[in-house]
Amino acid sequence: MHPALAQARPMPYWLDDPARPDPLPPLSDAAEADLVVVGGGYTGLWTALLARERFPSRSVLLLEGGRCGDQASGRNGGFASASLTHGFWNGLSRWPDELQTLDRLGEENLAAIGRTVERHGINCDWRVTGELSVATRPHQVTELTELSEEMRARGVEHTLLDQAGVRALVDSPTYVGGLLEPHGTALVEPARLAWGLRQACLDAGVVIHEGTRVTALDRGAAGLRLETASDAGPGGSVRAGQVALATNAFPPLLRRLSLMTVPVYDYVLMTEPLTAEQMAAIGWSGRQGIGDSANQFHYYRLTRDNRILWGGYDAVYHYGSRISPELESAGPTHDRLARHFFETFPQLEDVRFTHRWAGVIDTCTRFAAFFGTALRGDVAYALGYTGLGVAATRFGAQVMLDLLSGEETERTRLEMVRSKPLPFPPEPLRWTGIRLTTRSLAKADADGGRRNLWLRALDRAGLGFDS
């Protein structure tokens with residue numbers, strides 16, 4: 001293990017917080033509600049809160065298998081992007097005719113989150129900082145230049161930076177160029193945002209049961225019925241008028257969704273707070289969120305007390321879509337991330353890490369969320385955010401509520417909302433394909449960005465991992 005990791009606690013930094021609320025009791029008997037939301041991450045919390053705001057006469061019940069915000073919503077880097085399409089390139093390649101509308105809706109969505117944070121007094125350090133994409137190889141400069149040309153043609157505000165320009169913002173000897181988008185990204189303390197939304201839901205009259213796993217969903221003579229289980233005692237059952245599924249990477253309750261996403265582990269480190277001298281050594285006075293331009297990329301940002309969160313690079317899939325707490329600290333990825341950190345910032349050689357962790361991302365083959373209904377239109381789902389869901393989950397919640405109400409809205413008319421990604425194949429083809437793809441992406445990074453036959457085939461099919 002890298003010596004800088006010697007004292008790192010194997011738990012998410014964001015959840016290691018005295019502000020973490022006490023758990024709510026599980027469901028232990030029968031209940032009913034007009035709308036039942038399954039999942040207490042961002043998607044579920046936004047759905048419950050917006051449902052109470054849009055339909056105040058309807059009862060809303062939220063069921064969470066663990067504690068609200070404990071999974072992806074409390075483990076991510078805290079990048080809240082206005083993009084609903086997993087970035088400009090992905091949106092341009094898939095929905096070029098409606099990208100301008102999607103970008104506008106995304107900007108409106110991000111602004112609405114900021115207003116919600118302010119209105120409910122959520123102490124989550126919400127800051128609109130913008131994002132800096134950095135190039136560490138010459139071919140990445142070429143790619144950023146091509147991106148800049150497309151963005152300029154579509155009126156997207158940005159600045160293309162040469163080596164001196166990017167190092168004036170953040171100083172790393174690995175940087176050879178960059179692209180700064182001053183708007184469109186906010187940084188947030190992700191678990192505190194989830195806890196704030198949880199409290200807002202409770203204040204709005206949402207009933208929440210934590211520690212309550214939903215084990216079955218079906219339609220009977222009396223309508224929709226959900227069965228639950230709990231580690232604390234007997235489970236319960238719920239009669240629902242409608243159901244919104246917000247299960248992220250965990251197994252869905254609808255068989256049709258079983259091949260639509262795969263769980264991918266993302267790994268993260270957090271440093272100790274930097275001293276004033278260490279901050280001066282790297283600059284970063286703009287506090288932008290940063291991502292490098294490789295296929296296997298790192299993302300990093302500052303916290304309010306000047307720690308550096310450093311994550312990404314490996315995206316690890318386990319055979320059979322396995323999810324287990326033991327996978328959060330297994331393998332060499334944390335050690336690899338530590339080495340990459342000091343290669344990027346050698347001037348921080350004395351810095352040590354205080355936390356290391358991982359979280360599961362719900363990846364789909366088009367990289368952006370997809371939506372739909374089931375059971376005669378009374379069940380809606382939003383899944384597949386692929387790691388860019390901190391802000392997009394609010395949009396997904398709105399889409400689900402539109403679909404459940406039968407409303408035709410600007411959102412439901414979008415091709416992005418009406419279409420579905422291609423499913424992943426069953427095992428063992430799924431494992432083989434994902435392994436081949438990740439190895440091919442690593443090879444492309446090392447080979448000047450050249451995509452091999454496998455990646456080019458995925459590009460033509462509209463499948464797999466974007467560059």
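Buried means under 20% relative accessible area, exposed means over 50%, and partly exposed lies in between, with a 1.4 Å probe and protein chains only. By that rule Glu 189 is buried, at 8% relative accessibility. This is a predicted model, in which local features need pLDDT of at least 70 and side-chain atom pairs count only at pLDDT 80 or more, while totals for chains, interfaces and linings use all residues. Residues are numbered from 1 along each chain as its sequence is written, and side-chain values use heavy atoms, with hydrogens and water left out. Helices (H or I, at least four residues) and strands (E, at least two) are DSSP runs, numbered from the N terminus.

**Salt bridges**

- Side chains of opposite charge can pair when their charged atoms come close.
- A salt bridge here is a side-chain nitrogen of Lys or Arg within 4 Å of a carboxyl oxygen of Asp or Glu.
- The count by this rule is 26 salt bridges.
- Arg 9 pairs with Asp 16, and their closest N and O atoms are 2.8 Å apart. Arg 9 is partly exposed, with a relative accessible area of 43%. Asp 16 is partly exposed too, at 28%.
- Glu 189 forms a salt bridge with Arg 192, at 3.9 Å from N to O.
- Arg 219 and Asp 378 form a salt bridge at 2.6 Å, N to O. Arg 219 sits in strand E10 (residues 213-220) and Asp 378 in the loop between strand E18 (370-374) and strand E19 (379-383), so the pair ties together parts that are 159 residues apart in sequence. Arg 219 counts as partly exposed because its relative accessibility is 25%.
- One network, joined by salt bridges that share partners, holds Asp 17, Glu 189, Arg 192 and Arg 304.

- Arg 287 lies in the loop between helix H8 (276-282) and strand E14 (289-292).
- Contact means heavy atoms within 4.5 Å. Not counting residues up to four places away in sequence, Arg 287 touches Arg 127, Thr 129, Leu 187, Met 279, Leu 302, Thr 303, Arg 304 and Asn 306.
- Met 279 belongs to helix H8. Met 279 counts as buried because its relative accessibility is 12%.
- With residues up to four places away left out, Met 279 touches Leu 274, Arg 287, Leu 302 and Asn 306.
- Met 279 and Leu 348 are 69 residues apart along the chain, and their C-alpha atoms are separated by 9.1 Å.

**Ala 397**

- Ala 397 is in helix H10 (residues 392-405). Its relative accessibility is 0%, so Ala 397 counts as buried.
- Ala 397 and Thr 47 are 350 residues apart in sequence, yet 4.6 Å apart from C-alpha to C-alpha.
- Apart from neighbours within four places in sequence, Ala 397 is in contact with Thr 43, Trp 46, Thr 47 and Leu 50.

**Second largest pocket**

- On a 1 Å grid over the protein atoms alone, a pocket is an open set of points where a 1.4 Å probe fits, with protein on both sides within 12 Å along at least five of seven lines; lining residues have an atom within 4 Å of a point.
- The second largest pocket has a volume of about 390 Å³. Grid points are joined across faces, edges and corners, and a volume is the space filled by probe spheres set on the points.
- This pocket is lined by 17 residues, and the closest to its centre are Thr 136, Arg 137, Ala 294, His 298 and Tyr 313.
- Strand E15 (298-302), helix H9 (333-344) and helix H12 (429-446) are the elements that give two or more residues to the lining.
- By class, the lining has six nonpolar, seven polar and four charged residues. Ala, Val, Leu, Ile, Met, Phe, Trp, Tyr, Cys and Pro count as nonpolar, Asp, Glu, Lys and Arg as charged, and the others, Gly among them, as polar.

**Backbone**

- Glu 427 and Pro 428 are joined by a cis peptide bond, with omega about 5°. Pro 428 is in the loop between helix H11 (415-418) and H12.
- Trp 284 is a residue other than glycine with a positive phi, near 65°. Trp 284 lies in the loop between H8 and E14, and is buried, with a relative accessible area of 1%.
- Ser 321, not a glycine, has a positive phi of about 55°. Ser 321 is in the loop between strand E16 (308-316) and H9.
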